[in-house]
Amino acid sequence: MEHLLNHTPGTNVQSFPLSLEEQREDFKNNRFIAMPLAGTIVWALLGISAPFVSEFTITWMLYIGTGAIFYLGAGLSYLTGERFFAKSVAKNSFDRLFFVGMIMSLMVFAIALPVAAIDHTTVPLSIGILAGLMWMPLSWAIEHWVGYFHTIARIFGIVVAWYLFPEARVQAISAVIVAVYIVSLVTLERRFQTLKSH
């Protein structure tokens with residue numbers, strides 16, 4: 001019986017580890033709005049700031065701002081009820097998948113940085129695209145279309161904006177990203193409210 005439970009007086013019974021499908025169902029019950037809310041705030045600030053600062057300054061703001069999205073999202077998670085680092089929140093395999101996807105996306109900086117050294121105007125293009133890639137595994141994990149929409153719409157919109165607005169690329173790309181974030185946030189919140197009502 002030792003493999004079934006580990007029980008001592010005054011403690012809770014520890015049952016079998018959850019199966020992957022059970023972990024997925026648990027993961028799907030999350031709200032998922034803290035990170036996109038942080039992304040919306042950061043990209044909106046970048047787009048608003050771009051006309052008033054030098055190209056050198058906005059390039060560094062892009063690096064620092066997008067790097068700060070995770071930390072801002074972690075802080076906002078305590079306001080949205082997601083509480084990323086709360087000890088009481090059980091982590092499962094799909095939480096780890098999300099963070100692996102995020103790290104994978106950040107590794108694309110290995111391409112973005114050398115390209116930016118050749119042409120700094122590529123920074124909003126490359127960072128805007130690479131930061132949106134993590135939505136694909138999220139969509140698969142929660143079995144919902146929002147992540148696929150976010151990545152595809154974001155990439156298509158960024159590339160179009162980069163070509164159509166060569167004199168205002170940061171503003172145009174920021175506007176595309178913020179618009180996609182808003183649609184994603186509304187969709188995620190509706191999804192969450194639907195789950196709560198069932």
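Read along the sequence, the protein follows the pattern α-α-α-α-α-α-α-α-α, with nine helices and zero strands in its inventory, where helices (H or I, at least four residues) and strands (E, at least two) are DSSP runs numbered from the N terminus. The structure is a predicted model, in which local features need pLDDT of at least 70 and side-chain atom pairs count only at pLDDT 80 or more, while totals for chains, interfaces and linings use all residues. Residues are numbered from 1 along each chain as its sequence is written, and side-chain values use heavy atoms, with hydrogens and water left out.

**The whole protein**

Of the 198 residues of the protein, 42% count as buried, a word that stands for under 20% relative accessible area, whereas exposed stands for over 50% and partly exposed for what lies in between (1.4 Å probe, protein chains only). The protein exposes about 11,500 Å², of which carbon and sulfur atoms supply 70%; such areas come from the Shrake-Rupley method with a 1.4 Å probe. Among contacts (heavy atoms within 4.5 Å), those between residues 24 or more positions apart account for 70% of the contacts with a separation of 6 or more.

**Helix α6 and its two partners**

Two packed helices are described by the angle between their axes and the distance between the axes. Here the axes are lines fitted to C-alpha atoms, for helices over the stretch in contact, and the angles run from 0 to 180 degrees between N-to-C directions.

| Helix pair | Axes come within | Crossing angle |
|---|---|---|
| α5 (residues 109-118) and α6 | 9 Å | roughly 175 degrees |
| α6 (residues 123-130) and α8 (residues 146-164) | 9 Å | roughly 175 degrees |

The crossing angle makes α6 roughly antiparallel to α8, since angles over 145 degrees count as roughly antiparallel, under 35 as roughly parallel, 65 to 115 as roughly perpendicular and the rest as oblique. In this pair, Leu125, Gly128 and Ile129 of α6 meet Arg154, Ile155, Ile158, Val159 and Trp162 of α8. By class, the contact of α6 with α8 has six nonpolar, one polar and one charged residues, where Ala, Val, Leu, Ile, Met, Phe, Trp, Tyr, Cys and Pro count as nonpolar, Asp, Glu, Lys and Arg as charged, and the others, Gly among them, as polar.

Helices α5 and α6 are likewise roughly antiparallel to each other. Their contact is made by Phe109, Ala112 and Ala116 of α5 and by Val123, Ser126, Ile127 and Leu130 of α6, and its residues divide into six nonpolar, one polar and no charged.

**The two sides of α5**

In α5, Phe109, Ala112 and Ala116 are buried, and they lie on the same side of α5 because they cover an arc of only 55 degrees around the axis, the arc being that of the directions from the helix axis to the C-beta atoms. These buried residues pack against α3 (55-80), α4 and α6, while on the other side of α5 Ala110, Ile111, Ala117 and Ile118 are exposed.

**Helix α7 and what follows**

In helix α7 (residues 135-142), Trp135, Leu138, Ser139, Ala141 and Ile142 are buried, and their arc of only 165 degrees around the axis puts them on the same side of α7. What covers them includes α1 (20-28), α2 (34-49), α4 (93-106), α8 and α9 (169-197). Just after α7, Glu143 takes a positive phi of about 55 degrees.

Thr187 has its place in helix α9 and counts as buried because its relative accessibility is 12%. Not counting residues up to four places away in sequence, Thr187 touches His144, Trp145 and Val146.
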